[in-house]
Amino acid sequence: MKIWLKAFLFFVMVSGQSVFAGSSGGVTIGGTRLIYDGDRKEASLSVTNSDTIPYLIQSWTETREGGAEKAPFIITPPLFRLDSNQSNVLRVVRTGGALPEDRESLYWLNVKSIPSSLLQNKSTNTLQLAVKSQIKLIYRPASLTGKPDQQTEKLRWQISGSKITVTNPTPFVMNFKQVTIGNKEVKDATYVLPMSQTTFSVPAGATGRVSWKLITDYGGIGPQHTSEY
């Protein structure tokens, strides 16, 4: 039995340096996270279409928890056509909100890419993909100085049974690239918010010191840090 697929939209969640649908190219966003400096009026992020067809680009922000609450940021333009081999810049502007000025705040920035419905060969069955990418939007107050990696040694780790808890006394969001106990990786390690703690799962049979690497402001990988627990 043949299933005829034409202009069928299948939504995929991806993160990081995202590549959207397209066999001969795709849409890429210019970063794996966006740091909004509190002393600036806006932050910007590039979007590039290296495919042979145009895409409709839709973008928006949301709170860390999601739901009906709106994030205190808008993106311009929120919806636009991006032609083949063209680039555009998303500008993120703060719209208000009582954000803490003694620590960073974490939000999400979403970019959805919808391919053109104008198929080159209308007699051919075609599967079209619409892809949504979600990256971190971190608001960094103007009062903060330094970078997360300069204070990451202050993190405190504690293992209890099958769980490992990290306590972050710093004002920065700590984004983990890798966390290991001995030589075993903590697979669900993601990030820990400022002045809070987060719990991850201990790999079976893991013993030894805790080591970790952060993701930098520009998406790179920082040096390894090690601590007893």
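Modeller: Start with Asn85, which lies in the loop between β7 and β8 (86-94). Strands here are DSSP runs of E, at least two residues long, and helices are runs of H or I, at least four long, numbered from the N terminus. This is a predicted model, where local features need pLDDT of at least 70 and side-chain atom pairs count only at pLDDT 80 or more, while totals for chains, interfaces and linings use all residues. Residues are numbered from 1 along each chain as its sequence is written, and side-chain values use heavy atoms, leaving out hydrogens and water.

Colleague: OK. What is the phi of Asn85?

Modeller: About 60 degrees, a positive value although Asn85 is not a glycine. Asn85 is also exposed, at a relative accessible area of 58%. Buried means under 20%, exposed over 50%, and partly exposed in between, with a 1.4 Å probe and protein chains only.

Colleague: Which residue other than glycine has a positive phi near 50 degrees?

Modeller: Met195. Met195 is in the loop between β15 (191-192) and β16, and its 38% relative accessibility makes it partly exposed.

Colleague: Where is there a cis peptide bond?

Modeller: Between Thr76 and Pro77, with omega about -10 degrees. Pro77 belongs to the loop between β6 and β7.

Colleague: Stepping back, how many helices and strands are there?

Modeller: Zero helices and 18 strands in the protein chain. The chain has 229 residues, and 43% of them count as buried.

Colleague: How many bridges join β2 to β4?

Modeller: Three, and the two strands run antiparallel. Val27 is opposite Asn49 in β4. Two strands pair if DSSP finds at least two bridges between them.

Colleague: What about the sheet with three strands?

Modeller: That open sheet runs β11-β12-β16, again with antiparallel pairing. Its twist averages 20 degrees from one strand to the next. Six bridges join β12 (residues 163-168) to β16, and Thr165 has Thr199 as its bridge partner there.

Colleague: Now β5. Which residues are on its covered face?

Modeller: Tyr55, Ile57, Ser59, Thr61 and Thr63. The uncovered face of β5, residues 55-63, has Leu56, Gln58, Trp60 and Glu62. Nine bridges join β5 to β9 (residues 105-115), and four join β5 to β7 (residues 79-82). Both pairings are antiparallel. Tyr55 has Pro115 as its partner in β9, and Ile57 is opposite Phe80 in β7.

Colleague: Is Trp60 exposed or partly exposed?

Modeller: Partly exposed, with a relative accessible area of 26%. Setting aside neighbours within four places in sequence, Trp60 is in contact with Ile75, Trp108, Leu109, Asn110, Lys112 and Lys132. Contact means heavy atoms within 4.5 Å.

Colleague: Which residues touch the most other members of the largest nonpolar core?

Modeller: Tyr36, Ile57, Phe73, Val92, Leu109 and Leu137, in a core of 23 residues. Another core, of 19 residues, lies apart from it and includes Leu144, Leu155, Trp157 and Val202. A nonpolar core is a set of buried Ala, Val, Leu, Ile, Met, Phe, Trp, Tyr and Cys residues joined through side-chain atoms within 4.5 Å.

Colleague: Is Thr152 buried or exposed?

Modeller: Buried, with a relative accessible area of 0%. Thr152 sits in the loop between β10 (127-140) and β11 (156-160). Beyond four places in sequence, its contacts are Met174, Trp212, Leu214 and His225.

Colleague: Last thing. Where does pLDDT stay under 50?

Modeller: Over residues 1-24. The chain averages a pLDDT of 86, and 84% of the residues score at least 70. pLDDT is the predictor's confidence in each residue, from 0 to 100.

Terms used:
Axes are lines fitted to C-alpha atoms, for helices over the stretch in contact, and angles run from 0 to 180 degrees between N-to-C directions.
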